Amino acid sequence: MDQFTLNLLFVGASFALYIGIAIWARAGSTSEFYAAGRGVHPVMNGMATAADWMSAASFISMAGLIAFTGYDNSSYLMGWTGGYVLLALLLAPYLRKFGKFTVSEFIGDRFYSKTARLVAVICLLVASITYVIGQMQGVGIAFGRFLEIDAFWGLLIGACVVFAYAVFGGMKGVTYTQVAQYVVLITAYTIPAVFISLQLTGNPIPALGLFGDTADGEPLLATLNQIVTDLGFNEYTAAHGSTVNMVLFTLSLMIGTAGLPHVIMRFFTVPKVSDARWSAGWSLVFIALLYLTAPAVGAMARLNISDQFWPNGTDGEAVSIETIENDPAYSWMGTWQQTGLLGWEDRNGDGLIQYYNDANPELQERAAAAGWEGNELTNFNRDILVLANPEIANLPGWVIGLVAAGGLAAALSTAAGLLLAISSAVSHDLLKGQLTPNMSEKSELMAARVSMAAAIVVSVLLGLNPPGFAAQTVALAFGLAAASIFPALMMGIFSKRINNSGAVAGMLAGLVVTLVYIFLHKGWLFIPDTNSFTDANPMLGPIQSTSFGAVGALVNFAVAYIVSGMTKETPQHIKDLVESVRIPRGAGGAVDH
Amino acid sequence: MVDNTSSTPVVTEEDSVYWKTNLRIITVCLVIWALVSFGFGIILRPMLSGIEVGGADLGFWFAQQGSILCFLALIFFYAWRMNRLDKQYGVDEE
């Protein structure tokens, strides 16, 4: 059986499983559509949250970004896990006690203002749509690879699949489907990593293999450092970027995690306040299984790639085009070339492909002496690394098919969760909550589905010119959530002083400064060449656009405090509401309007 | 609105002690949270560079794996501690 058929088989089988579950657990009422009737066990909920949370960014993109940058991109690892601490300590139990369906409902009630609720909805929509763009990129790459077509067509096919998939059920269908998706994606991520770790270090646990020794007795990371510096790249384990930027970037990802609606919504679905606390922990357990493996995947893939291009060592002769075209060990290069995400060019016509850093003066000397005319691996999209990894390591065909299914599971589960959050924001908060309160349940569900379709169209259009690799696009979404939603939620629980005007002004200020900063660096609506600055040379010192969320959050807090201080005090019944949210006692089931 | 039927809406002395204890636990947890990630993983990494861990240094380990393990420990500790505190102050759910 050839690889193409095998990929189709694995992807097809996994889809059949999800659709089967979705039909079996189809949502009937609105309450089931949004919150699965609050009957979900913390461990199950944790697994579903993990699937919901770990998207194309975590699965497809992150290890590639770590592989090619090394230590500096540890921010992704710390940022996307550390946020759960904030969620568990500062938000989850209180929002569960409050007992409503959506994040904007809490903001609307706590800040006793329809405007606050509306602003919260807008913030959610901006962050969620940016997030969906990143997922679409991942879906496009995965479909492009396994159908062996250009990534652009992959994106369009992916968008149709996401839509068909998301309208099928609400949260209830999604919860059980996501448990299945978690199992698929974690298996798909772990199995190739175990194989590769065994090949390189003899240790079956990749997380330990990362700090283990290779066959010649040298530590893996020391070997990697040696090879990449020989080729003129930055030392893998050393810090090269700005410390300030790294701190702010990590912080943005952390508070963004705690401000994303589709993750927070999960904690409304556990039966009790104490379960909400445990649930955050279980989510992180299941997330950590992937996140502890990811740095190993990155480092080991980087080592394998360097070895493939320099089969005779970095001092020897580079790989020849003849080998790339004929040796089955290099067949991955041919298949990925078809997606347009991998490219090479024999610039000096010597029949070999030299892969090195041609911006490094030392390597330029060596290149001049050897007659090289620049790096000949001209394009290596970071987002293909995880999907290509099992092929690069020559793992069996079924592993490659499994990884394709896993990557799609990750992207689809998150896209579905986000679309659900978007549709509930529009139909439940915007239409039913504000514009047309007398809407029937049936038309509310209809509105939910229409807004899903609209969100997909918008994100595909914006995703045609993605502002970065999938994980970087997603990082921007986190920055937006960090700057707008998280501060409002936190102040709503921990401060009685913040009033309606303060919260509205804070959210708007945080959202606007962050959005403008991002657009100034990534182009207005991500349209190329409309940017005034680049992340290589940012507007404010070392602060890149992906790191600005933390600054935006600070602006949000400051504005909210100042405005609240100048306007009318919070009324007594709101102070009582805050008091009651702080105490778990008496948390009943959630109540709808 | 929040279902208040099974509790008194007025804040008792006990409740405010409970909340203050909660805030203290949160503060301690967040100090550790920041220390293992922003501290050991980033800012204090040069100070830990002498301690070698499998071809890299301790700071690198914290940045790539150690902080995640600490986060896990923190969340489970907090859940366990708070559920005990809830019972102690009688504010838990039945």
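In chain A, the axes of helix α12 (residues 243-257) and helix α22 (residues 470-494) come within 7 Å and cross at roughly 65°, where axes are lines fitted to C-alpha atoms, for helices over the stretch in contact, and angles run from 0 to 180 degrees between N-to-C directions. This is a predicted model, in which local features need pLDDT of at least 70 and side-chain atom pairs count only at pLDDT 80 or more, while totals for chains, interfaces and linings use all residues. Residues are numbered from 1 along each chain as its sequence is written, and chains are lettered from A and ligands numbered from 1 in the order in which they are written. Helices (H or I, at least four residues) and strands (E, at least two) are DSSP runs, numbered from the N terminus.

**Helix α12(A) with helix α22(A)**

- α12(A) passes α22(A) in a left-handed crossing; a crossing is left-handed if the near helix is turned anticlockwise from the far one by less than a right angle, and right-handed if clockwise.
- S252(A), L253(A), I255(A), G256(A) and T257(A) of α12(A) meet A475(A), F478(A), G479(A), A481(A), A482(A) and F486(A) of α22(A), with two residues taken to be in contact if their C-beta atoms, placed from the backbone, lie within 7 Å.
- By class, this contact has seven nonpolar, four polar and no charged residues, where Ala, Val, Leu, Ile, Met, Phe, Trp, Tyr, Cys and Pro count as nonpolar, Asp, Glu, Lys and Arg as charged, and the others, Gly among them, as polar.

**Helix α3(A) with helix α14(A)**

- The axes of α3 (residues 42-53) and α14 (residues 273-291) of chain A come within 7 Å and cross at roughly 50°.
- α3(A) and α14(A) are therefore oblique to each other, given that angles under 35 degrees count as roughly parallel, over 145 as roughly antiparallel, 65 to 115 as roughly perpendicular and the rest as oblique.
- α3(A) passes α14(A) in a right-handed crossing, and the residues making the contact include W53(A) of α3(A) and W278(A) and W282(A) of α14(A).
- The residues of the contact of α3(A) with α14(A) divide into 10 nonpolar, five polar and one charged.

**Chain A as a whole**

- Chain A has 25 helices and four strands.
- With a radius of gyration (taken over C-alpha atoms) of 24 Å, close to the 25 Å that the globule rule gives for 593 residues, chain A is as compact as a globular protein of that length; the rule is 2.2 Å times the number of residues to the power 0.38.
- Of the 593 residues of chain A, 60% count as buried, a residue being buried if 20 or more other C-beta atoms lie within 10 Å of its own, exposed if 12 or fewer, and partly exposed in between, with C-beta atoms placed from the backbone.

- Chain B comes to two helices and two strands, which follow the pattern α-β-β-α along the sequence, and 36% of its 94 residues count as buried.
- The contact between the chains takes 43 residues from chain B and 51 residues from chain A, and the largest share of the chain B side, 17 residues, comes from α2(B).
- The residues of that chain B side divide into 26 nonpolar, 11 polar and six charged.
- Y78(B), found in α2 of chain B, is buried, with 22 other C-beta atoms within 10 Å.
- Not counting residues up to four places away in sequence, Y78(B) touches A88(A), L89(A), R277(A), I25(B) and C29(B).
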